[in-house]
Amino acid sequence: MSPSADVDPICPLCQRPIPTDVAQSLHHLIPKLKGGKGGPTVLLHHICHKEIHAVLSEAELARSFNTIEALRQHPRLAKFIAWVQKRPPSFQSRVPGGRRKR
């Protein structure tokens, strides 16, 4: 067995490990509804993925926030990242405010 088999993947948004027993999801960097079907995806903590969609519309994601670097620079997401990085990798919580309209 290779040594990397026991290493949890790292969430590219918050830079914390994603334990196998924690909710995780694939994020399409370009939303499927905006032409991103079959495009690049990244594995994120579910809480990080929910925050992205609570903050940004599908159009904003497709137009201006279609890279991890751009997402990490968004003011509200940067504040969320700073907050969640203080939590353990297994931390889960509901995202306040609900989902934005598509």
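**Core, helices and a salt bridge in a predicted model**

The largest nonpolar core has 21 residues, and those with the most contacts inside it are C11, L13, L44, C48, I52, L56 and L71. Strand β2 (41-45) and the helices α1, α3 (68-73) and α4 are the elements that give two or more residues to this core. A nonpolar core is a set of buried Ala, Val, Leu, Ile, Met, Phe, Trp, Tyr and Cys residues joined through side-chain atoms within 4.5 Å. Buried stands for under 20% relative accessible area, exposed for over 50%, and partly exposed for values in between (1.4 Å probe, protein chains only). Contact means heavy atoms within 4.5 Å.

The model is predicted: local features need pLDDT of at least 70 and side-chain atom pairs count only at pLDDT 80 or more, while totals for chains, interfaces and linings use all residues. Residues are numbered from 1 along each chain as its sequence is written, and side-chain values use heavy atoms, with hydrogens and water left out. The predictor's confidence in each residue is given as pLDDT, from 0 to 100. The chain averages a pLDDT of 89, and 86% of the residues score at least 70.

The secondary structure comes to 4 helices and 2 strands, in the order β-β-α-α-α-α along the sequence. Helices (H or I, at least four residues) and strands (E, at least two) are DSSP runs, numbered from the N terminus. The chain has 102 residues, of which 37% count as buried. Its accessible surface comes to about 6,300 Å², and 54% of this belongs to carbon and sulfur atoms; accessible areas come from the Shrake-Rupley method with a 1.4 Å probe, and for residues only the protein chains shown count as cover. Among contacts between residues at least 6 apart in sequence, 60% join residues at least 24 apart.

Helix α1 is largely enclosed by the rest of the structure, because 8 of its 10 residues are buried. These buried residues are I47, C48, H49, E51, I52, H53, A54 and V55. What covers them includes β1, β2, α2 (58-63), α3 and α4.

In helix α4, the buried residues are L77, F80, I81 and V84. They cover an arc of only 100 degrees around the axis, which puts them on the same side of α4; the arc is that of the directions from the helix axis to the C-beta atoms. P75 and K79 are exposed on the other side of α4. The buried residues of α4 pack against α1 and α3. V84, at 0% relative accessibility, touches C14, R16 and F91, not counting residues up to four places away in sequence. Although V84 and R16 are 68 residues apart along the chain, their C-alpha atoms are separated by 9.0 Å.

A search of the whole structure finds 1 salt bridge, that is, a side-chain nitrogen of Lys or Arg within 4 Å of a carboxyl oxygen of Asp or Glu. The side chains of R76 and E51 form this contact, at 3.2 Å from N to O. R76 lies in helix α4 (residues 75-84) and E51 in helix α1 (residues 46-55), so the pair ties together parts that are 25 residues apart in sequence. R76 is partly exposed, with a relative accessible area of 39%, whereas E51 is buried, at 6%. Side chains of opposite charge can pair when their charged atoms come close.

Two further residues complete the description. H45 lies in strand β2 and is buried, at 1% relative accessibility. The residues that H45 touches, not counting those up to four places away in sequence, include C11, C14, R16, P17, I18 and P89. Q15 is placed in the segment before β1 (24-28) and has a positive phi of about 70 degrees although Q15 is not a glycine. With a relative accessibility of 46%, Q15 counts as partly exposed.
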